[in-house]
Amino acid sequence: MRVRRLGWAGLEIEADGQRLVIDYVRDLSPLFTGWKPGEGLVMPNGKVAAALVTHLHRDHTDAAALADVLTPGAPVLRPGPGHGDDVDNMTTLLAERELAQHRLAAEIVDAWSTREIGPFRVTAVPAVDGLGDPQLNWVVHADGQRVFHGGDTMFHGYWWLVARRFSPFDAVFLPANGAVVDAPHLQPPSPLPAAMDPRQSAAAAEILDARYAVPMHYEAEQPDKIAGYVEVADPEKEFRAHAGTRARVLPVGEWLDLTT
C-alpha cells in the first residue's frame with residue numbers, strides 16, 4: 001500500500017491497482033480568502049473506488065470534486081447529519097446540499113463499523129469535532145499495512161480504544177494546525193484549538209504506535225484564511241520537534257510507500 005497527500009486533509013490510498021480517497025477537495029475558497037484554484041492541492045492519479053469523508057465541513061467534503069473522480073456508483077462513506085436546526089448546522093449544510101445535487105452514493109456509517117471495498121478494509125472510528133458537528137476518523141487496511149486518517153479532530157480519549165483495536169499503525173495522518181476558531185454561531189468563542197496542534201498530534205501518534213506520523217490540515221502556501229481562523233505559525237517545525245524520529249513531513253503530491 002502507498003499513500004499520497006493531496007493537500008489540506010486529502011489523501012489518496014492505492015493498493016492492488018485500486019485507490020480510494022479521504023477528504024479529497026479541490027476548492028478551498030470556503031476557508032481561504034483569495035485562494036487560487038490548483039494551488040496547494042492535487043488530483044488523484046485516476047478513478048477511485050470509494051471516498052471516505054471525516055465530516056461535512058466544506059474543506060473536507062467537496063461533492064463536485066468527488067463526482068469527477070469516483071467510478072459510477074462508488075460509495076461515499078460519511079458520518080450522520082448535524083444536530084439541531086439550520087443555525088446549528090450552518091457549517092455542514094453546503095456540503096449536504098452538494099452531495100444531494102451530485103447524486104453521489106453517500107452512505108451514513110456509525111463509529112466502529114467496517115466495510116470491505118476491493119482490497120481495502122475501512123473502519124470508521126470515533127473523533128471529536130471542534131465545532132460540535134458529527135465527525136469520524138478512518139482506519140484503512142490493505143496489503144498487510146494499516147493507515148489512520150484524523151480529519152481535523154480534537155484530542156480526545158478514544159485514542160486508547162483505537163490503539164487497542166488496531167495498533168501498531170504503519171502511518172498516521174493527523175491535523176497539526178491547532179486552529180482557533182471564532183465563528184458567528186459559536187459565541188462566546190473559545191480560545192482553545194478546535195483541531196489538534198502539533199504537540200497533541202505527536203501525542204496521538206505515540207499512543208497509536210505509528211511507524212510514520214505525517215502532519216496535515218495546514219497549508220503554508222495559502223496564508224490568508226477566513227476571519228476568525230488562526231493557525232499555529234509553523235506546524236511542520238513544531239511537529240518535528242514533538243514527534244521525533246517518527247515524524248515524516250510529506251509534501252503535497254508526494255507518495256509514502258509503506259512496503260519499504
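**Labels and what backs them**

Modeller: Let's start with H185, which sits in the loop between β12 (180–181) and α4. Bear in mind that this is a predicted model, where local features need pLDDT of at least 70, side-chain atom pairs count only at pLDDT 80 or more, and totals for chains, interfaces and linings use all residues. Residues are numbered from 1 along each chain as its sequence is written, and side-chain values use heavy atoms, with hydrogens and water left out.

Colleague: Why does H185 count as buried?

Modeller: Buried means under 20% relative accessible area, exposed means over 50%, and partly exposed is in between (1.4 Å probe, protein chains only). H185 has 18% relative accessibility, so it counts as buried.

Colleague: And what does H185 touch?

Modeller: Leaving out residues up to four places away in sequence, H185 touches V87, D88, M90 and T91. Contact here means heavy atoms within 4.5 Å.

Colleague: Why is G228 called partly exposed?

Modeller: G228 comes in at 28% relative accessibility, so it counts as partly exposed. G228 is in the loop between β13 and β14 (229–230), and it touches V180, V181 and D182, not counting residues up to four places away in sequence.

Colleague: How do you decide what a strand or a helix is?

Modeller: Those are DSSP runs, numbered from the N terminus: helices are H or I with at least four residues, strands are E with at least two.

Colleague: Which strands make up the open sheet, and in what order?

Modeller: Six strands, in the order β7-β8-β9-β10-β11-β13, with mixed pairing. β7 (114–117) and β13 are the edges: each has a single partner strand, so one side of each has no neighbour in the sheet. From one strand to the next, the twist averages 20°.

Colleague: How do you know that β9 pairs with β10?

Modeller: Two strands pair if DSSP finds at least two bridges between them. Five bridges join β9 (residues 136–142) to β10, and the two run antiparallel. V139, for instance, has F148 as its bridge partner in β10, while H141 stands opposite R146 in β10. On the β8 side, six bridges join β8 to β9, again antiparallel, with A124 opposite W138 in β9.

Colleague: What makes β9 largely enclosed?

Modeller: Seven of the seven residues of β9 are buried, so the rest of the structure largely encloses this strand. Both faces are covered, with L136, W138, V140 and A142 buried on one side and N137, V139 and H141 buried on the other.

Colleague: Where does α3 lie?

Modeller: α3 lies across β8 (120–126), β9, β10 and β11, at about 15° to β9. For that angle, axes are lines fitted to C-alpha atoms, for helices over the stretch in contact, and angles run from 0 to 180 degrees between N-to-C directions.

Colleague: What do the buried residues of α4 pack against?

Modeller: They pack against α3, β11 (169–175), β13 (210–216) and α5 (235–243). The buried residues of α4 (residues 198–207) are P198, S201, A202, A204, A205 and I207.

Colleague: Last one: why is Y158 partly exposed?

Modeller: Y158 has 35% relative accessibility, so it counts as partly exposed. Y158 is found in the loop between β10 (145–149) and α3 (159–166).
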